[in-house]
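Take a look at the protein below.

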Amino acid sequence: ISETSYFLFSKDNISFKIGRDYMDSNSGKINDLFFSSFSPSLNQLMFNFNNPDFQGTMSIIKLDNRSINCNNDVNSYCDELDDGRHNINRWFYYRHISWNITDKLKIGLSDAIISTGEDRGIEFYYLMPLGSFQAEQLHNVSRKDFVEEGVGYGIDNDNGFLGFDINYKVD
């Protein structure tokens with residue numbers, strides 16, 4: 001039984017992948033900030049651009065869902081009018097760009113965000129290729145990840161990450 005199954009389209013220096021596969025950010029040999037070599041395969045949509053001087057990756061990854069059953073206590077996500085059933089969807093958005101400065105030196109920058117929330121789908125404002133995930137998160141007025149007074153706790157939550165990598169080839 002295989003843990004990977006995906007469709008890959010590749011032409012020249014551009015590739016597009018949809019399906020289930022392992023992730024690798026290409027910035028570490030065993031483990032790195034965003035993906036572990038021990039992580040399971042993940043459902044994903046990925047776009048790659050690769051030329052001799054510049055490389056880029058943009059991914060949308062579906063993480064496992066979580067369920068919340070409410071018991072109406074103060075630490076719950078629920079209030080007294082709640083039916084007690086909540087499906088929390090989790091998404092991981094990841095981008096990495098890198099430049100070959102010389103034949104030996106390569107630098108990269110990564111931007112990622114884990115998006116969680118009740119019945120939450122893909123957030124299209126995170127698909128902007130050149131904007132910061134954190135800026136997109138803060139400037140979207142339709143977000144509901146705040147706490148309303150007297151209603152309980154907000155259950156939409158986004159956690160952002162930034163990464164920087166340097167690769168130097170030693171002869």
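This walk goes from the overall layout to single residues.

The model is predicted, so local features need pLDDT of at least 70, side-chain atom pairs count only at pLDDT 80 or more, and totals for chains, interfaces and linings use all residues. Residues are numbered from 1 along each chain as its sequence is written, and side-chain values use heavy atoms, with hydrogens and water left out.

Begin with the layout. The protein has 1 helix and 8 strands. Helices (H or I, at least four residues) and strands (E, at least two) are DSSP runs, numbered from the N terminus. Read from that end, the order is β-β-β-β-β-β-β-α-β. Contacts tell you about the fold as well. A contact means heavy atoms within 4.5 Å. Take the contacts between residues at least 6 apart in sequence: 56% of them join residues at least 24 apart.

How much of the protein is buried? Of its 171 residues, 33% count as buried. Buried means under 20% relative accessible area, exposed means over 50%, and partly exposed lies in between (1.4 Å probe, protein chains only). The accessible surface comes to about 11,300 Å². Carbon and sulfur atoms account for 56% of that surface. Such areas come from the Shrake-Rupley method with a 1.4 Å probe; for residues, only the protein chains shown count as cover.

Now go inside. A nonpolar core is a set of buried Ala, Val, Leu, Ile, Met, Phe, Trp, Tyr and Cys residues joined through side-chain atoms within 4.5 Å. The largest nonpolar core has 9 residues: M23, F35, L42, M46, I61, L63, F92, Y94 and A112. Strands β3 (42-50) and β6 (85-100) each supply at least two residues of this core.

Next, the outside. F7, F9, I14, F16, I18 and F47 form a nonpolar patch on the surface. Together they have about 550 Å² of accessible area. Patches are made of residues with over 30% relative accessible area and no salt bridge; like charges are joined within 9 Å, and nonpolar side chains (Val, Leu, Ile, Met, Phe, Trp, Tyr) within 5 Å. Where does the patch come from? Strands β1 (5-11) and β2 (14-21) each supply at least two of its residues. The largest share, 3 residues, comes from β2. F16 sits in strand β2. F16 counts as partly exposed because its relative accessible area is 32%.

Between β1 and β2 runs a loop that holds D12. This residue is not a glycine, yet D12 has a positive phi of about 55 degrees. D12 is exposed, as its relative accessible area is 74%.

Charged pairs come next. Side chains of opposite charge can pair when their charged atoms come close. A salt bridge is a side-chain nitrogen of Lys or Arg within 4 Å of a carboxyl oxygen of Asp or Glu. By this rule there are 5 salt bridges. One of them joins K17 and D21, with the closest N and O atoms 2.7 Å apart. Is K17 buried or exposed? K17 has 11% relative accessibility, so K17 counts as buried. D21 is buried too, at 12%.

D171 and K104 form another salt bridge, with the closest N and O atoms 2.9 Å apart. D171 lies in the segment after β8 and K104 in the loop between β6 and β7, so the pair ties together parts that are 67 residues apart in sequence. D171 is exposed, at 77%, whereas K104 is partly exposed, at 32%. V170 also lies in the segment after β8 (157-168). At 67% relative accessibility, V170 counts as exposed. V170 and L105 are 65 residues apart in sequence, but 9.5 Å apart in space, C-alpha to C-alpha.

End the walk at E123. This residue lies in the loop between β7 (105-118) and α1 (133-138). The side chains of R120 and E123 meet in a salt bridge (2.5 Å, N to O). Why does E123 count as buried? Because its relative accessibility is 15%. R120 is buried as well. Leaving out residues up to four places away in sequence, E123 touches Y93 and S115.
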